[in-house]
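The following paragraphs guide the reader through one protein chain, from its overall layout to selected residues. Please keep the sequence and the model in view while reading.

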Amino acid sequence: MITKKTTLPLAAFLLLALTGCTGGAQVTDPAGDAPGSEKTATSPAQANQVDCTRVLDSALNALGDEVDDDVLLAYAREDDGTWYVAAPVGENNVLSDTVGLWTTTGDVESDEFDGTFESVNEDAQSSSTWPVSSEPASAEQSDAGQQALSCIADAGETAR
């Protein structure tokens with residue numbers, strides 16, 4: 001027999017079980033976007049609220065050609081014709097705490113990237129053979145450089 005004493009716990013149990021079925025709150029991609037969708041993403045979980053430009057495969061592959069480990073994910077911010085590209089590098093790749101920062105004047109949104117990169121921060125310099133930027137300190141401290149790094153930090157936090 002169902003009584004008030006058994007109805008309340010049963011209703012609470014069903015409500016708890018159904019809360020995981022909403023789908024909209026679950027982020028399955030580290031960046032909060034799916035490949036082939038919009039090129040920028042501002043996820044509700046993203047603390048910095050910056051439109052992060054996901055680096056397309058052609059530029060990602062070019063960057064990875066001179067990096068010690070695989071580069072699977074990179075985000076960029078553009079400022080006055082220069083792209084500041086941040087990518088996790090190292091043993092845990094996407095979840096790595098080691099994040100390189102590079103600059104390029106090539107178009108990271110192009111399907112046919114034809115640019116080269118320059119290493120900006122210490123992580124980029126120690127994990128790649130790309131030449132060091134002529135002004136690494138100012139590039140690393142630039143707004144676009146800091147925003148690119150924060151896009152990777154937020155993507156990593158979302159994935160964890």
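Five helices and six strands make up the secondary structure of the chain. Both kinds of element are DSSP runs numbered from the N terminus, a helix being H or I with at least four residues and a strand being E with at least two. Along the sequence, these elements follow the order α-β-β-α-β-β-β-β-α-α-α.

The model is predicted, with local features requiring pLDDT of at least 70 and side-chain atom pairs counting only at pLDDT 80 or more, while totals for chains, interfaces and linings use all residues. Residues are numbered from 1 along each chain as its sequence is written, and side-chain values rest on heavy atoms, with hydrogens and water left out.

A residue is called buried under 20% relative accessible area, exposed over 50%, and partly exposed in between, using a 1.4 Å probe and protein chains only. Of the 160 residues in the chain, 38% are buried.

Which cysteines form a disulfide? The sulfur atoms of C52 and C151 lie 2.0 Å apart and form this bond, the criterion being a pair of cysteine sulfur atoms within 2.5 Å. By this rule the chain has one disulfide. C52 belongs to strand 2 (residues 52-54) and C151 to helix 5 (residues 143-159), so the bond ties together parts that are 99 residues apart in sequence. The torsion about the S-S bond of C52 and C151 is about -85 degrees, and the disulfide is therefore left-handed. Both C52 and C151 are buried.

D57, E78, D79, D80, D107, D111, E112, D114 and D143 form a negative surface patch. Patch members have over 30% relative accessible area and no salt bridge; like charges are joined within 9 Å, and nonpolar side chains (Val, Leu, Ile, Met, Phe, Trp, Tyr) within 5 Å. The areas come from the Shrake-Rupley method with a 1.4 Å probe, and for residues only the protein chains shown count as cover. A salt bridge here is a side-chain nitrogen of Lys or Arg within 4 Å of a carboxyl oxygen of Asp or Glu. Asp and Glu count as negative and Lys and Arg as positive, whereas His and the chain ends are not counted. Each charge is placed at NZ of Lys, CZ of Arg, CG of Asp or CD of Glu.

D114 is located in the loop between strand 5 (99-104) and strand 6 (118-119), and its relative accessibility of 71% classes D114 as exposed. D80 occupies the loop between strand 3 (75-79) and strand 4 (82-88) and is likewise exposed, at 73% relative accessibility. The phi angle of D80 is near 55 degrees, a positive value in a residue other than glycine. Most residues other than glycine have a negative phi.

E122 is part of helix 3 (residues 122-127), and A137 is part of helix 4 (residues 136-141). The C-alpha atoms of E122 and A137 are separated by 9.9 Å, with the two residues 15 apart along the chain. E122 is exposed at 65% relative accessibility, and A137 is exposed at 54%.

The loop between helix 3 and helix 4 contains S128. Is S128 buried or exposed? With 10% relative accessibility, S128 counts as buried. S128 and L63 are 65 residues apart in sequence, and their C-alpha atoms are 8.9 Å apart. V71, in the loop between helix 2 (57-64) and strand 3, is buried with a relative accessible area of 9%. From V71 to A87 the C-alpha distance is 6.9 Å, across 16 residues in sequence.
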